[in-house]
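Colleague: Could you take me through the wording used for this model? I would like to know what stands behind each term.

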Amino acid sequence: MTATALDRREALAPPEPSARARFVRRFRRQKLALAALVYLVLVVLAAALAPLLATHDPLAQNLGSVLQQPGGGHILGTDDLGRDVFSRALYAGRVSLVAAAQAVGVAVVLGVIPGLIAGYAGRKVDAVIMRLTDALMSFPPLILAIAFVGVLGPSLTNAMFVIGVIFAPRFVRLVRGTVLSIREETFVEASRSIGTPTPRVILRHVLPNALSPLIVQISLTAAMAMLAEASLSFLGLGVQPPDASWGSMIERGFRYTATAPWLTVFPGLLIALTVLAFNILGDGLRDSLGREIRRGS
Amino acid sequence: MTEPLLVVEGLEVEFATDRGWVQVLDGVSFTVDRGETVGLVGESGSGKTVTSLTVLGLLPPESARITAGSIRLDGRELVGLPRRKMEALRGDELSMIFQEPMTSLDPAFRVGDQIAEVVRRHRGGSKRAAWARAVEVLSTVGIPHAERRARSYPHEFSGGMRQRVMIAMALSCEPKLVIADEPTTALDVTIQAQVLDLLRAMRDEFGTAVVFVTHDLGVVADICDRAVVMYAGQVVERAGVDALYEHPRHPYTEALLSAMPQLTARSGRLATIPGSTPPAGAMPAGCRFHPRCGHVVDACRDTAVAEHPLAEGGTSRCLRVSELALKGSA
Amino acid sequence: MLRYTVRRVLMMVPLLFLVSLGVFALVLMIPGDPAITIAGENATEAQIDATRERLGLNDPVLVQYAAWAGNALTGDLGSSLFSNESVTGAIAGRFPVTLALTLAAMLIALLIAVPAGVVAALRRGRWQDRGATLFASVGISLPNFWVGILLIMAFALAFPIFPAVGYTPISEGVGAWARGLVLPGITLGTAVAAEITRQLRGSLTDTLQQDFIRTARANGLSGRAVVLKHGMKNAAVPVVTVIGFQVGFLLGGSVIVERVFGLPGLGDLAIRAVLQRDIPMIQGIVVVAALIVMLVNLVVDLSYGWLNPKVRQA
C-alpha cells in the first residue's frame, strides 16, 4: 500500500515544486504578518501616546475654522465643529482599541471556562452547554447586539460586553474540541491514571495545547470586535459624545459626505487597516503554527 | 507485419523540483500486443506509475514534461497530441483502473450516472441509451441486480464491488488498452482473486490488452503473459513470464523473486532487498542497481549500462548478463 | 431522505424554545423597573401602574413567558409601545425591502465569489490566486458602512450613475428598483463575497486533488466537466455552510446598509425601536431574525442530503 502510495505522490504531486511553492507562500505570508504586527504596534503606541502626539486638543471646538481641508494647520483637516481630525483620530484609536480588547477579554473568559467544563464534564452538561451556544449562534450577531444595547441603554461598555458574549461560542467550541482530543492522548491518560488532579491536567496539558489556536482566534476575534464596535458606534449605539471612536467619527462625518469627504475617509481607512492587520496576523499565525494546531486537535 | 498495439520507445520524463528539472524516466521502452497482458513491475519509486500516467497523458503539465521518446497507440503518436484529442482517446481507446477503489469514485453521484457520463462523452447518444449501457457493463463485471445497483452511490458498495464498478467504467467503451495500477492491492486476499479472475475474463471477452502495474510478482505470474521490470526510472528486464521466473536475467529481478512470499514453502524466512530505491535526481553512477546488487563488480560502478537484447527474446540491463546464472523461483 | 428531514426539523424545537426564552429574557434584563423604562422617564405613578398592568408585569415571570410565547406562536408579537401598530404588521411591511437588499447582496457576492474562487483554485499560486486571496482578506476587513459611503461618493456624487439614498418599490418599475439596489447590494455583499471566495478556493483545491477527479480525467472527461460537475458538487458542502452562515451576517449588515442608504427595511425599524426602547418591537425583530437564520440553517442542512448522499442515511 505505502509502496504505491509513495509512487503516486511522486507521480501526481511532485513534492519539490509544491514544497517550494509552499515555502515561498509561507515566507511571503509571514512577511505580511510581520508587517501587520509592526503596524499594530505602531497604532497601539500612537493611541497610548496620543497626548504627546496630538497637535490639538481633540475636544476643542473652533467654530471659526470648521470643515477645513487637510493640510495647513490641520494634518487631516477639521470637522463640523472645527475640531482637529488628526488629534481626534489618535484619541478615538484609544477608544476603539480598548473597546475591542474588552470584547475579546469577555469572549475569552466566557468561552474558555464553559469550553473546559463542556469538554471535561459528562455528556449531559456538555449537551446543555453546546445547545446554549447553538442558540446563541442562531441570532444574527449584530441584531442581537443592537437588541441588547437597546434594552441596556446605549453605552460603549454595554456594547462591548454584548459583543464579547456573542463571540464567546467560538472559544467554547475551540476549547471544548481541544479538551476532547487531548483527553484521548496517551500522555494525558497516563497522567490521569497516576491520579493527577484535573485542574493540573488542564494547566499542564490542555491549556498549552489550546494556546496556539487560542492566539489565532483572539487575533481574528479582535478584528471582528473592532468592526462590530465601529458598526455600533456608527449607529449611535456605542460610544457616546463627546468621546469618539473611529466608527462614531464616520457617523458624524457621514452628514458631510458631499462637502468634507476626509471626515469619513480617514477614520474608515484606519478601521480597515487595523482590522486587516488583525486578520492577516491571525492567518499568518495559523499558517506558521499549523502543525502544532493539527497535533493538538 | 503490423506494429504492436502500444509501443513505448525511449521515453524520458522530467519533474520540476527546486533544483530544476529532474529526470524520473530514462529511456523506457516496451510494447504491448493486442489482447496481451503485460506486467509492469517494480518497487515504489521505480517509475512504473509515472510510466502509466505518461501513457494516459495524465501528468500535471506544469510540473512534468516529456523530453524524449514516443508513445504510439495503434500507430497513432500520443506524445504531443493536443489536449482535446488526448481527452477524446482517454476512456475510449485506452483507460485506467486505479488502486484505491474507496476514493476513486465520485461520492456525490450514482455509479450508473458516472459510467453513463463516460459512455455519453465518447459514444454520444441519449441519456437513456447511456444508462442502459452502464447497467449492461455493471452486470458484465458481475454486479448482481445491476439495474437496481446502478442507482446506488459508491459508499453503498463494498471495496471489491467498487473495484468492479471501476472496471466497468474503464471497460464501458471497450477500450483497446487498459492500464490497471495495483487494482487489487487495497483489497482482501479473497476479493483480490475475484478481481483478478474478472480482469482475466474481461480480457478474454473484450480482447482488451492490459498493462498490469504491480510490485507483486506473484500477481504477475497469475495473470500476465510478459513482464517489464523497472528500477529507478529504467526498464531493467523484459521477458516472457515463464522465462522470467525460471531464468531471471537481471539481479534485480532475482532479488524481487527471492523477496516474493512463497505460498508453497511457508517455512523459509521472507528475504528482503537491502537498501532502497535511489531518489530521482540522485542516481548512482554506472548501473543504477549496483549499490544493492549481490553480483556487483568494479565495472558496474562507473559504466552506465544499456539494454542488452537477449537471444531468447527480451532484454536485460545488466553488464554481466552473459556470465551470471541467476536463481529463479522454481 | 424523509426521515432525515423530519429529524432535522424536530431538532429545531428545543432550539426555538431556547431562542424564545432568550428573547423573552430581554425584558427581564432592563435595568431597574421595566415599567418605568417603558412608560417613559416623565410618566406619572398612575401611568407606570397602568403600563405594568397592560404588560402583565405583575404576573409571575412564567405566566408572562407563557402568554408571550403563546401569542408569538400564533403570530402575534404584541404591539409597538409608541404607535400601537402591531409588531407583526410592522415587520411584514418592512420585510420586502430587507429581503430585496439581502438577495441583491447575495447575488452580487456569488457573482464575484464563484468565478474568483474557481479561478484561484485552478491557478493556485499564480497571480489570479494571489489576487483572489488578497480580495478575500481585504473584503472581510472593510467596515461596510464605510464601503457604502465611498460608493456614494464615487457613483452617486462624483459620477451620478446610481441613486445615493432611498428605495423605489418594485411596483414603480423593476429597472428603478434594481438600480436603487446596486450600491447597497455591493456594500452589503463585499464581505460575503470575500468569505465565500476564501472558502470556495480552499474547498475546491482540496476536491481537485481527490482520486475520483483523476478517475474522471482518466476516462476522458474534459477539464471543464471535471471542475464544474464533479469538483463543484463535492466542494459545495463547506461552501454552502459558509453561505448559510452569511445570512445572519447579511441581516445584521442590512441594519447598517439601510441606515447608510436610507432604505425603509427591518434594520431601519430595528434602529428606531432601539432608540425609542420599543421593547416589543425589538423582541419581534430579534425573533424574526433568529427564525430566518434557523430556517436558512435548515435549508443548508437539507441541501447536504442532496450534495452528499451519505448524509441521507445518517
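This is a predicted model: local features need pLDDT of at least 70, side-chain atom pairs count only at pLDDT 80 or more; totals for chains, interfaces and linings use all residues.

Colleague: Why are α5(C) and α11(C) called oblique to each other?

Modeller: The axes of α5 (residues 87-122) and α11 (residues 266-276) of chain C cross at roughly 135° and come within 7 Å. Angles under 35 degrees count as roughly parallel, over 145 as roughly antiparallel, 65 to 115 as roughly perpendicular and the rest as oblique; the pair is therefore oblique.

Colleague: What makes the contact between them?

Modeller: Contact means heavy atoms within 4.5 Å. Among the residues involved are F95(C) of α5(C) and L269(C) of α11(C).

Colleague: Why do β6 and β11 of chain B count as edges?

Modeller: Two strands pair if DSSP finds at least two bridges between them. In the open sheet of 8 strands, ordered β6-β7-β8-β3-β9-β10-β12-β11 (chain B), β6 (94-97) and β11 (308-309) each have a single partner strand, so one side of each lacks a neighbour in the sheet.

Colleague: What makes β10(B) and β12(B) a pair?

Modeller: They share 2 bridges, in the antiparallel sense, and R238(B) stands opposite T315(B) in β12(B).

Colleague: Where does UniProt place "transmembrane region" in chain C?

Modeller: The unreviewed entry lists several spans, including 99-122 and 134-162. Residues 99-122 of chain C are 100% helix, while residues 134-162 of chain C are 72% helix.

Terms used:
Residues are numbered from 1 along each chain as its sequence is written. Chains are lettered from A and ligands numbered from 1 in the order in which they are written. Side-chain values use heavy atoms; hydrogens and water are left out. Axes are lines fitted to C-alpha atoms, for helices over the stretch in contact, and angles run from 0 to 180 degrees between N-to-C directions. Helices (H or I, at least four residues) and strands (E, at least two) are DSSP runs, numbered from the N terminus. UniProt positions are given in the numbering used here, feature names are shortened, and annotations may be inferred rather than shown by experiment.
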